[in-house]
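I opened the model to look up a few residues and helices. My notes follow, in the order I took them.

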Amino acid sequence: MLLLHIALFYLILVGVNLPAPFLGLKFDQDDGHRLWYAPPGFLIPVAWFVLFTLLGVAHYRLGLEGPDGAQGWLVALAVLCASYAYYTLGLEKLTGVSALWYGLWGNFTVIAFATLVVTVLLPVNAVAAYLTAPVIVWTAYATAIVGGELHRAEHH
């Protein structure tokens with residue numbers, strides 16, 4: 001049963017992103033010119049698969065408590081996180097404004113929403129809340145990278 005919950009979150013991650021390349025939304029390949037604190041490009045999807053695994057486990061834990069609607073918060077957070085290509089690259093394509101700006105504001109939105117989800121989940125199932133919290137930490141780290149990239153872009 002646990003594996004089904006994890007599979008659901010992998011399905012969200014992959015399913016939401018599957019159309020992106022067909023819409024012309026492609027992240028640039030790692031050219032080696034990254035900030036000193038930015039991970040290699042291949043680690044970013046690995047990190048998200050770990051985070052989505054944690055969300056799947058949290059979803060499972062909430063299911064053990066019985067249906068009370070709390071699981072929907074995790075699904076909504078997963079969809080928001082998985083939609084990154086659309087609200088960064090997609091909006092850049094539509095508006096001509098740098099995807100970095102959309103990424104910055106999108107990351108702030110993810111951090112705020114994930115914080116809300118953790119707050120909602122804490123009284124229902126503390127383990128599920130703690131399993132969700134790494135989304136906040138990773139997205140804060142990603143926000144520091146996006147901020148650094150914006151700073152570098154403005155000074156070149």
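I started with Thr-88, which counts as buried at 2% relative accessibility. Buried means under 20% relative accessible area, exposed over 50% and partly exposed in between, with a 1.4 Å probe and protein chains only. This is a predicted model: local features need pLDDT of at least 70, side-chain atom pairs count only at pLDDT 80 or more, and totals for chains, interfaces and linings use all residues. Residues are numbered from 1 along each chain as its sequence is written, and side-chain values use heavy atoms, with hydrogens and water left out.

I placed Thr-88 in helix H4, residues 84–95. Helices here are DSSP runs (H or I, at least four residues; strands are E, at least two), numbered from the N terminus. Then I listed what Thr-88 touches, skipping residues up to four places away in sequence: Phe-27, Ala-99, Tyr-102 and Gly-103. Contact means heavy atoms within 4.5 Å.

Ala-99 was my next stop. I found Ala-99 in helix H5, residues 99–121. Ala-99 is buried too, with a relative accessible area of 13%. Thr-88 and Ala-99 sit eleven residues apart in sequence, and their C-alpha atoms are 4.6 Å apart in space. With residues up to four places away left out, Ala-99 touches Thr-88, Leu-89 and Glu-92.

From H5 I moved to H6. How do their axes lie? The axes of H5 and H6 come within 9 Å and cross at roughly 165 degrees. That makes H5 roughly antiparallel to H6. Axes are lines fitted to C-alpha atoms, for helices over the stretch in contact, and angles run from 0 to 180 degrees between N-to-C directions. Angles over 145 degrees count as roughly antiparallel, under 35 as roughly parallel, 65 to 115 as roughly perpendicular, and the rest as oblique.

I checked H6 itself. Asn-125 caps the N-terminal end of H6, with a side-chain oxygen 3.1 Å from the backbone nitrogen of Val-127.

Last, I looked at His-59 in helix H2, residues 43–64. Is His-59 buried or exposed? His-59 is buried, at 8% relative accessible area. Leaving aside neighbours within four places in sequence, I found His-59 in contact with several residues, including His-5, Leu-8 and Phe-9.

Methods: A polar contact is a pair of N or O atoms within 3.5 Å; within protein, one must be able to donate a hydrogen and the other to accept it, and residues adjacent in sequence count only if both atoms are side-chain atoms.
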